[in-house]
Amino acid sequence: MAVDRHRFPRAPHRRRAAAPALLACGVMVLAGCASMPGSGDVSRVDSSLRSEDDSQVQVYGVSPAKGEQPSGLVSGFLEATTSDEETFATAREYLSPAVASKWDPFASMTVLADAPDLATRRDRDGEGVTVEVTGTQLGTVDAHHAYAPGEKPFKQRIHVSKSQGQWRIDEPPPGLIITEADFQRLYRSVNKYYFAELGPDAGRSRLDDAVLVADPVYLRQRIDPVGTSVRALLDGPTSWLDPVVRTAFPRGTELRGANRPTLDDSDELQVRLSRQAAGVDGSRCRQMAAQVLFTVQDQMTNQLSGVRLERSDGSELCSLSRDVAVGYRPDNGSRGHQYFIDEAHRMVRLADRDEKARPVPGPFGDDGAQLGSLAVARDERLAAGVSRDGTELYVAELREGADRGPARLRSRAADPGQRLSTPTWDGLGGLWVADRDPRRPRLLRLRDGIGEPEPVRVSGLGEGRIEELRVAADGMRVALLVRDKGHTRLLLGRIERDRAPEGLQLSVEGLRAIAPKLEDVDAVSWAGGSRLVVAGRESQGVQQLQYVETDGSHADVPSPPTPNRADALAATEDPARPLLAKSMDGIVRLPPNGDWKTVAKVGTAPAYPG
């Protein structure tokens, strides 16, 4: 086997062109207001050197050169797949006629750390050449656009043979092979939204059962981003989330023909749908519109005023304003106070601009509260407090004259560090807590915070023990800090609700690591529909704060500065709200675009509602 040290991107020339405006000039992220040049020289462009400031320039591959040899042909093909062509027309020119029309670039995507090495080997009969592509795989994207992390060696064989006197690829890879740099340049994480499937739990929560759940996918960010995101929404949820969500769209619904969503002068999005959606009633149609609004909003630099869904003939099916659509989201905690436990072991709270925290009304703000951890319901009417020794869980109203009442739950663990975890509320009114007793470890939910503790089965936990947990506002996903073999990992699970002979059976399924590079995770908090903020350390490293997506990919936002040894974090789904942390400097607060400032020199358990 001959090793060719050429590494893509290298071979083909690529044309740079200004991007046309998307929907409306200045509306779409990364869209520029410029026309396509009609002439100009073709020059080589190394995509790995392109900067974010160059995002208005689109890059196009060129056809294979006459007499291109196998390694150069494969290198050129891989480079052509990183162009801004909608259907990869140029990349298909590197393929033999028999496979060019059959190759599906959207079947999968492999993301590599760097450009791969290519090695060639002649077939025994001398008629063809196998080009072996090797590198380090960081993750994959499946046919439903779902990302999955996983670092490991990568190897793919691509076969090349002569076609009409020219070398052409007759056995292409299944999908795309792309470097991390090009992946970040060409693709963007987008949240699709579906409704929580509460099953036998429906009708038992405080909120309306129609609650939206974020489902992150990676889509091409400069090829019709709005239309692409709506089509991805209509395709249905990713396989991981599918068991716990539903869509309001009738099966088979598509965008009508070649019609793309359009914006009118009032920033209302107009979406024309195929005949499958023509007969839905008003309530279901408004749910469909809410799914579209929040899915598309992720692509916009300004806020949509609403969504108008149209039948295939252009007549109105229904319309939904943004103000009404907000009612489908459970993340009301973003408007709440900030809470922590002060030096007197009382629950205190403050608003964003307050300099000094004050005790909360009710029993948890009393001098004798003796709390060790806390959680506040999303509506801020109820709070949960774990006793200072970790033994007992109490739930009380946040109002003067309220009674603490009896303990809702007790742990019998001998070691205080192995008793009750910090509790957490979902947006449906459920209160969740883990009993870390090694003799009887349990995950429990108290419906509405006052019901009998319901056991929650956790599949795939093995010998690991839950140390802390944070449930998403939608009540369908839970982030777990799991201690196993001397290290604490961050796992994400989906919450399933099934019928059982004894009643409702709650379980956490589909556990997956979402911060695989961190050897130890010290703290976590939800910071968006599909985003968490994490404090943790890589092997032999120091603690760092970073945002991660629920699919395990890095969030496309800058990492916040790290406070002095954080062991607890609190954030909200609203990026305009400050971060809170318990650090060696006490309770500290990080406003947007600011620096960490000390709120209280002594304190613990920082929290927002949730």
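1. Glu 496 and Arg 494 are joined through their side chains by a polar contact of 2.8 Å (a pair of N or O atoms within 3.5 Å; within protein, one must be able to donate a hydrogen and the other to accept it, and residues adjacent in sequence count only if both atoms are side-chain atoms). Glu 496 belongs to strand E30, residues 487-500; helices (H or I, at least four residues) and strands (E, at least two) are DSSP runs, numbered from the N terminus. With 14% relative accessibility, Glu 496 counts as buried (under 20% relative accessible area, with exposed over 50% and partly exposed in between; 1.4 Å probe, protein chains only). Leaving aside residues up to four places away in sequence, Glu 496 touches Pro 243, Val 244, Gln 505, Leu 506, Ser 507 and Glu 509, where contact means heavy atoms within 4.5 Å.

2. This is a predicted model, in which local features need pLDDT of at least 70 and side-chain atom pairs count only at pLDDT 80 or more, while totals for chains, interfaces and linings use all residues. Residues are numbered from 1 along each chain as its sequence is written, and side-chain values use heavy atoms, with hydrogens and water left out.

3. E30 is also part of an open sheet of eight strands, ordered E24-E25-E26-E27-E31-E30-E29-E28, with mixed pairing. Its edges are strand E24 (424-425) and strand E28 (465-471), each of which pairs on one side only. Two strands pair if DSSP finds at least two bridges between them. E24 meets strand E25 (residues 431-435) in the antiparallel sense over two bridges, and Trp 425 has Leu 431 in E25 as its bridge partner.

4. Strand E5 (residues 117-122) and E6 are antiparallel over six bridges, with Arg 121 opposite Thr 130 in E6. Strand E6 (residues 128-141) is in turn joined to strand E7 (residues 147-163) by 13 bridges, again antiparallel, and here the bridge partner of Thr 130 is His 159 in E7. Five bridges then join E7 to the antiparallel strand E8 (residues 166-171), where Glu 171 stands opposite His 159.

5. The turns of these hairpins contain residues with positive phi. Between E5 and E6 there are five residues, and Gly 126 in that turn has a phi of about 75 degrees. The hairpin of E6 and E7 likewise has five residues between its strands, with His 145 at a positive phi of about 70 degrees. Two residues separate E7 from E8, and in this hairpin Gln 164 takes a positive phi near 55 degrees.

6. The structure holds one disulfide, defined as a pair of cysteine sulfur atoms within 2.5 Å. Cys 285 and Cys 318 form this bond, with an S to S distance of 2.0 Å. The torsion about their S-S bond is about -85 degrees, so the disulfide is left-handed. It links distant parts of the chain, as Cys 285 lies in helix H6 (residues 282-297) and Cys 318 in strand E16 (residues 316-321), 33 residues apart. Both cysteines are buried.

7. Twelve of the 16 residues of H6 are buried, so the helix is largely enclosed by the rest of the structure; among them are Met 288, Leu 293 and Phe 294. At 1.5 Å a residue, H6 should span 22 Å, and its end C-alpha atoms are 22 Å apart, which agrees; the expected span is 1.5 Å times one less than the number of residues. At the start of H6, a side-chain oxygen of Asp 281 comes to within 3.4 Å of the backbone nitrogen of Ser 283.

8. Helix H1 (residues 70-80) is mostly covered, with eleven of its eleven residues buried.

9. A search of the whole structure finds nine aromatic pairs (rings of Phe, Tyr and Trp, the last by its six-membered ring, with centres within 6.5 Å; planes under 30 degrees apart count as stacked, over 60 as edge-to-face and the rest as tilted). Phe 88 and Phe 106 make an edge-to-face pair, 5.7 Å centre to centre with 65 degrees between the planes. Phe 88 is buried at 0% relative accessibility, whereas Phe 106 is partly exposed at 38%.
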